[in-house]
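Trainee: I would like to go through this model term by term, with each label checked against its cut-off. Where should we begin?

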Amino acid sequence: MHIRRLASTVLLAASATLLVAGVPTMHLRLVKVEPAAASTVTVAPEEIRLFFSQEPEVRATKITIVDDSRNEIAVAAAKADAQDGKIVIVPITGVLVSGTYTVSWRTMAKDGHAVNGTFNFALRASHYQPADPAGVERVSVRFPR
Ligand SMILES: [Cu+2]
């Protein structure tokens with residue numbers, strides 16, 4: 001009987017330790033990005049979207065984008081998505097040509113924890129992109145009267 005009680009006490013202690021060890025996963029983390037990490041896109045993205053597990057401090061959220069030659073691409077200030085504060089949007093104001101881009105991001109959780117990381121994506125723009133695809137369709141589709 002004593003041994004069984006001791007065993008359950010040890011088990012309880014072990015699970016309490018697991019619980020404490022599990023706490024760091026409750027901190028803010030990056031869940032998803034757009035363009036997706038390691039993806040190849042065919043149209044230059046107009047913004048980078050960071051999806052966090054909880055609302056970050058938007059003013060502490062910054063990204064840098066560099067191309068293959070480590071030239072920095074201009075971006076505007078980060079802003080929270082109007083519908084979901086866990087999503088931070090960073091408009092890209094510089095020009096992206098075909099190539100591979102590395103995005104370095106950093107932010108701070110509401111509890112003061114700083115978090116950062118990097119991901120990359122490739123742009124393989126097609127050679128022909130009509131400026132106004134809808135306009136092209138309007139011209140090519142004509143109905144007899
Ligand atoms: Cu934290």
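Mentor: With contacts: two residues are in contact if their C-beta atoms, placed from the backbone, lie within 7 Å. This is a predicted model, in which local features need pLDDT of at least 70 and side-chain atom pairs count only at pLDDT 80 or more, while totals for chains, interfaces and linings use all residues. Numbering starts from 1 along each chain as its sequence is written.

Trainee: Which residues is Ala 60 in contact with, leaving aside its neighbours within four places in sequence?

Mentor: Thr 107 and Met 108. Ala 60 itself is found in the loop between S3 and S4.

Trainee: Why is Ala 60 called partly exposed?

Mentor: A residue is buried if 20 or more other C-beta atoms lie within 10 Å of its own, exposed if 12 or fewer, and partly exposed in between, with C-beta atoms placed from the backbone. Ala 60 has 14 such atoms within 10 Å, so it is partly exposed. Arg 106 gets the label partly exposed because its count is 15.

Trainee: Where is Arg 106, and what does it touch beyond four places in sequence?

Mentor: Arg 106 is in strand S8. Strands (E, at least two residues) and helices (H or I, at least four) are DSSP runs, numbered from the N terminus. Arg 106 touches Lys 62, Ala 114, Val 115 and Asn 116.

Trainee: What makes S4 and S8 a pair?

Mentor: Two strands pair if DSSP finds at least two bridges between them. S4 and S8 have 5 bridges and run antiparallel, so they count as paired. Within that pair, Val 66 stands opposite Thr 102 in S8. The sheet they belong to is open and mixed, in the order S2-S9-S8-S4-S5.

Trainee: Why are S2 and S5 called edge strands?

Mentor: Strand S2 (40–41) and strand S5 (72–73) each have a single partner strand, so one side of each has no neighbour in the sheet.

Trainee: How many strands form the antiparallel open sheet, and in what order?

Mentor: There are 4, in the order S1-S3-S7-S6. Its edges are strand S1 (30–34) and strand S6 (79–80), each pairing on one side only. S1 and S3 are joined by 4 bridges, and S3 and S7 by 5. Against S3, Glu 34 stands opposite Arg 49. Against S7, Leu 50 stands opposite Val 88, and the bridge partner of Phe 51 is Ile 87.

Trainee: What makes a group of residues a nonpolar core?

Mentor: The members must be buried Ala, Val, Leu, Ile, Met, Phe, Trp, Tyr or Cys residues joined through C-beta atoms within 7 Å. The largest one here has 13 residues, and Ile 48, Leu 50, Ile 63, Val 88, Val 90 and Val 103 have the most contacts inside it. Strand S3 (47–52), strand S4 (62–66), strand S7 (87–91) and strand S8 (99–108) each supply at least two of its residues. Beyond four places in sequence, Val 90 touches Glu 47, Ile 48, Ile 63, Val 75, Ala 76 and Ala 78.

Trainee: What stands out about the peptide bond from Glu 34 to Pro 35, and about phi of Ala 38?

Mentor: Most residues other than glycine have a negative phi, and most peptide bonds are trans. The bond from Glu 34 to Pro 35 is cis, with omega near -5°. Phi of Ala 38 is near 65°, a positive value. Ala 38 is exposed, because its count of other C-beta atoms within 10 Å is 10.

Trainee: How confident is the predictor, by pLDDT, over residues 135–143?

Mentor: pLDDT, the predictor's confidence in each residue from 0 to 100, stays under 50 there, and the model has 1 contact beyond four places in sequence for that stretch. Where pLDDT is low, the predicted coordinates should not be read in detail. The chain averages 83, and 70% of the residues score at least 70.
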